[in-house]
Amino acid sequence: MAEVQFQPVKSADRTLEILEVLADSPERIGLGDLARRLSIPKSSLHGILRTMVRRGWVETDESGLLFGLGVRSLLVGASYVERDDAVARTQPLLDWLNSQVDETAHLGRLDGTDVVYLAKRESRHPLRLYSAIGRRLPAHATALGKALLAARDDAEVADLLPAKLATLTPNTIDRRDGLLAELDRIRAAGYAVDREESSEGIRCFAVSLRTSHPPVDAVSVSAPVLRLDTRIEQRIIDALGQANERLLSPGA
């Protein structure tokens, strides 16, 4: 018997597309712009948006012409993080990493071609990386993402990567051959390094967590390059080298 091809429910599909576009936008979007981006007729889009505004998933400005995410989106996103098993399991590990090096520690998850930040511990230093839970960055431009890509073979990486690698800083690796060479170095070293590739002035070190195969989560430590020297970098690398053992054996 032939398998029936899945056909998404159009209204549900459109609603989710709206949320995804609004989540990716740094500012509110007008109806016409949103309609063009999603290829949805204005009349249909307006009806969906009015429903989403009424339910609190979308908000408008005073004019009612610009749309952004509503508080209901925040509540659902926060609930996801609060109920995620990996986030709960890695809380002690993030506390330990932060205490060992007094720099910002993150938990990130591979989601398609991006890494999403799920948890963090801030450094006490006034000069530090400022980040937000839920932030997305291209995997190839971050230590977290590169650590997770390196846990896959080159064919898998090629399937995951977008056709064009985004450039976030002058240091971002934007060529596939350069990235594959970098992933080979990561496999040999056992950890990944972001050399000001996602944010100028910040260096980041990361390892993937062996909680699944292939791994989808990784932890990192980030610090301003002005504060780093060989001794501090080695302390960060040594701490990350113990991450999996401490996660799997909390008493270690």
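**Entry 1: two helices.** I started with a crossing: α2 passes α3 in a right-handed manner. This is a predicted model, so I read everything below as computed from it. Who makes the contact? From α2 I noted Leu-31, Gly-32, Leu-34 and Ala-35, and from α3 Lys-42, Leu-45, His-46 and Leu-49. Sorted by class, the contact of α2 with α3 has five nonpolar, two polar and one charged residues. I then looked up the geometry: α2 (residues 31-38) and α3 pack at an angle of about 110°, and their axes are 10 Å apart. With 65 to 115 degrees counting as roughly perpendicular, α2 is therefore roughly perpendicular to α3.

**Entry 2: the loop joining them.** Between α2 and α3 there is a loop, and I found Ser-39 in it. Ser-39 is not a glycine, yet its phi is positive, about 55°. Is Ser-39 buried or exposed? Its relative accessibility is 64%, so I put it down as exposed.

Entry 3: Next I followed α3 (residues 42-54) to the strands: the helix lies across β2 and β3, running at about 100° to β2. The open sheet here has three strands in the order β1-β3-β2, with antiparallel pairing. I see β1 (29-30) and β2 (58-60) at the edges; each has a single partner strand, so one side of each is left without a neighbour in the sheet. How many bridges join β2 to β3? I noted three, with β3 covering residues 66-69. Thr-60 stands opposite Phe-67 in β3.

**Entry 4: one serine in α4.** I picked Ser-73, which belongs to helix α4 (residues 71-83). At 16% relative accessibility it counts as buried. Which residues does Ser-73 touch, leaving aside those up to four places away in sequence? My list reads Leu-19, Gly-56 and Trp-57. I also checked Ser-73 against Ala-23: they are 50 residues apart along the chain, and their C-alpha atoms are separated by 9.2 Å.

Entry 5: Asp-102 went on my list for its positive phi, near 50°, in a residue other than glycine. Asp-102 sits in the loop between α5 (85-101) and β4 (104-111). Its relative accessible area is 15%, so I marked Asp-102 as buried. Last, I looked at the peptide bond from His-213 to Pro-214, which is cis with omega near -5°. Pro-214 lies in the loop between β8 (202-208) and β9 (217-224).

Conventions: Residues are numbered from 1 along each chain as its sequence is written. This is a predicted model: local features need pLDDT of at least 70, side-chain atom pairs count only at pLDDT 80 or more; totals for chains, interfaces and linings use all residues. Side-chain values use heavy atoms; hydrogens and water are left out. Two strands pair if DSSP finds at least two bridges between them. Helices (H or I, at least four residues) and strands (E, at least two) are DSSP runs, numbered from the N terminus. Contact means heavy atoms within 4.5 Å. Axes are lines fitted to C-alpha atoms, for helices over the stretch in contact, and angles run from 0 to 180 degrees between N-to-C directions. Angles under 35 degrees count as roughly parallel, over 145 as roughly antiparallel, 65 to 115 as roughly perpendicular and the rest as oblique. A crossing is left-handed if the near helix is turned anticlockwise from the far one by less than a right angle, and right-handed if clockwise. Ala, Val, Leu, Ile, Met, Phe, Trp, Tyr, Cys and Pro count as nonpolar, Asp, Glu, Lys and Arg as charged, and the others, Gly among them, as polar. Buried means under 20% relative accessible area, exposed over 50%, partly exposed in between (1.4 Å probe, protein chains only).
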